[in-house]
Amino acid sequence: MDKFATAPAGPLGRPRIRAAEYLRMSTERQIYSIDNQRDAIRNYANVRGYDIVATYEDPGRSGLSLVGRPGLRRLLEDVESRRADFETVVVYDVSRWGGSRIPTKAPPMNTGAR
């Protein structure tokens, strides 16, 4: 049986989507604090019909490398090994994946939180 078939309805009667959140804060920008990101993601998830079922975080970590980012490494390992029990990952801003010097191909997510 499909584990999402009996999920309670989200917005517009659609099934709710199981999601993980990834939170990262480097030490210098308080606007990106872990708590601010979590609040914005939870509000966005509620509006979009996502249930946050997993949290991965790297507080006080640079985004320039995977070194020293156990939260992101664990997220990637869970997805690659198929242990992840979610369909999507929500981040506050694509800059949370990596520092501004790391190019990304991900489209920006507009949470309306800014």
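Biologist: Which residue forms a salt bridge with Asp78?

Modeller: Arg83 does; the closest N and O atoms of the pair are 3.0 Å apart. Bear in mind that this is a predicted model. A contact is called a salt bridge when a side-chain nitrogen of Lys or Arg is within 4 Å of a carboxyl oxygen of Asp or Glu.

Biologist: Is Asp78 buried or exposed?

Modeller: Residues under 20% relative accessible area are called buried, and those over 50% exposed. Asp78 has 12% relative accessibility, so it counts as buried.

Biologist: How many salt bridges does the structure hold?

Modeller: Seven. One of them joins Arg18 and Asp85, with the closest N and O atoms 2.6 Å apart.

Biologist: What does the pair of Arg18 and Asp85 tie together?

Modeller: To read a bridge, look at where each partner lies. Arg18 is in strand β1 (residues 17-25), while Asp85 is in the loop between α2 (70-80) and β3 (88-91), so the bridge ties together parts that are 67 residues apart in sequence. Arg18 is partly exposed at 26% relative accessibility, and Asp85 is partly exposed at 34%.

Biologist: Where do Asp35 and Arg38 lie?

Modeller: Both are in helix α1 (residues 34-48), three residues apart, which means that about one helical turn separates them. Asp35 counts as exposed at 52% relative accessibility, whereas Arg38 is partly exposed at 23%.

Biologist: Which residues are linked with Asp35 and Arg38 in a network of salt bridges?

Modeller: Glu21, Arg42 and Glu57 are linked with them in that network.

Definitions and conventions:
Residues numbered from 1 in each chain as written. Predicted model: local features only at pLDDT ≥ 70, side-chain atom pairs only at ≥ 80, totals over all residues. Heavy atoms only, no water. Helix = DSSP H or I, 4+ residues; strand = E, 2+ residues; numbered from the N terminus. Buried < 20%, exposed > 50% of the residue type's maximum accessible area, 1.4 Å probe, protein only.
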